[in-house]
Amino acid sequence: MPVQGSKGSQGHQETGGRGFGLGLALVSALAFGGSGVAAKPLIEAGLDSLYVVWLRVAGAALVMLPVAWRHRALVRSRPLLLAGFGLLAVAGVQACYFAAISRIPVGVALLIEYLAPALVLGWVRFVQRKPVTRAAALGVVLAVGGLACVVEVWSGLSFDALGLLLALGAACCQVGYFVLSDQGSDAGSSGGEVPDPLGVIAYGLLIGAVVLTVIARPWGMDWSVLAGSASMNGTSVPAWLLLCWIVLLATVVAYITGVVSVRKLSPQVAGVVACLEAVIATVLAWILLGEHLSAPQLFGGAVVLVGAFIAQSSKPARTPEDPAAAQPENALSRSGGAV
């Protein structure tokens with residue numbers, strides 16, 4: 001009886017942990033989804049997209065500075081993880097995405113960014129040379145087909161080609177975000193120390209801010225724009241308020257809830273929930289910015305999200321010698337099927 005009780009308690013804790021993780025993933029999707037809607041009015045008010053990215057990352061880094069000092073031991077124990085997170089998950093994603101939305105609609109940029117599941121599977125299949133399931137391959141095909149509708153290839157790519165390439169670059173960096181967010185989460189089982197996610201985020205933002213300072217050179221920025229107002233679909237909004245939205249909600253809250261949710265769930269499951277970010281961004285851009293998408297684009301966006309869902313929620317193919325194949329219950333708990 002005591003053994004059964006402990007198993008039931010453990011199962012209840014695992015279920016509660018997954019529920020908490022899903023809740024955090026939803027909050028992260030909501031927070032990230034509003035970043036482009038808040039940033040685009042600032043860009044249209046006269047701030048270069050790189051300046052907006054720098055303000056976002058540098059402001060968030062200042063907010064997280066006390067956390068970085070508390071976890072300063074990570075600099076010695078996990079330097080490569082911190083560098084990778086700062087370069088890809090912070091500087092790369094934000095710079096490519098904000099540059100993309102300065103040239104193409106917010107919803108289109110987000111939908112292209114969420115080709116990341118296809119890129120993850122491509123990495124697994126062709127670089128790591130591991131098998132993938134037919135369902136995962138189907139998800140990739142659907143995502144690519146949906147993307148063709150989003151960019152309206154039959155019109156000869158009516159969108160800005162550079163904007164599309166920048167959005168694709170954001171998708172590549174998004175892969176790094178999910179992979180690096182999960183790095184070290186299994187260290188405890190092997191006797192190692194699990195890196196604190198808040199410390200990883202804090203140093204990632206600091207490294208991203210340093211890199212973006214070199215690239216953006218903010219000393220040439222017109223700071224008077226922040227003292228004025230920006231137009232959000234005809235409505236005047238204080239620029240400083242939009243900046244606070246971007247720094248506090250769309251960066252600090254978004255990264256903290258996002259990284260912790262990946263630790264609680266897995267990159268696959270968290271990525272499925274994160275696909276809602278594209279829906280949220282498209283709806284907000286429609287309501288707040290007046291960016292209307294055509295019926296084929298809306299259909300294509302839905303297909304992209306369905307393909308991403310299938311690609312990330314499908315269980316990975318197991319080779320016969322894979323020891324995890326002998327533990328189906330554990331494998332299921334790390335897959336989208338468990339959700």
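A residue is called buried when its relative accessible area is under 20%, exposed when that area is over 50%, and partly exposed in between. The model shown is predicted. Asp-160 has a relative accessible area of 28%, so Asp-160 counts as partly exposed.

Asp-160 has a charged partner: Arg-103 forms a salt bridge with Asp-160, and their closest N and O atoms are 2.9 Å apart. The two residues stand 57 residues apart and link distant parts of the chain. Arg-103 lies in the loop between helix 6 and helix 7, while Asp-160 lies in the loop between helix 9 and helix 10. The relative accessible area of Arg-103 is 43%, so Arg-103 is partly exposed as well.

How many salt bridges are there by this rule? The count is 2. Lys-40 forms a salt bridge with Glu-291, with 2.8 Å between the closest N and O atoms. This pair also links distant parts of the chain, 251 residues apart: Lys-40 is in helix 2, and Glu-291 is in the loop between helix 15 and helix 16. Both Lys-40 and Glu-291 are buried.

Leu-26, Leu-276, Val-279, Val-283, Trp-286, Ile-287 and Leu-298 make a nonpolar surface patch of about 580 Å². Which helix gives the largest share of this patch? Helix 15, residues 276-289, supplies 5 residues. Val-279 is located in helix 15.

Definitions and conventions:
Residues are numbered from 1 along each chain as its sequence is written. This is a predicted model: local features need pLDDT of at least 70, side-chain atom pairs count only at pLDDT 80 or more; totals for chains, interfaces and linings use all residues. Side-chain values use heavy atoms; hydrogens and water are left out. Patches are made of residues with over 30% relative accessible area and no salt bridge: like charges are joined within 9 Å, nonpolar side chains (Val, Leu, Ile, Met, Phe, Trp, Tyr) within 5 Å. Accessible areas come from the Shrake-Rupley method with a 1.4 Å probe; for residues, only the protein chains shown count as cover. A salt bridge is a side-chain nitrogen of Lys or Arg within 4 Å of a carboxyl oxygen of Asp or Glu. Helices (H or I, at least four residues) and strands (E, at least two) are DSSP runs, numbered from the N terminus. Buried means under 20% relative accessible area, exposed over 50%, partly exposed in between (1.4 Å probe, protein chains only).
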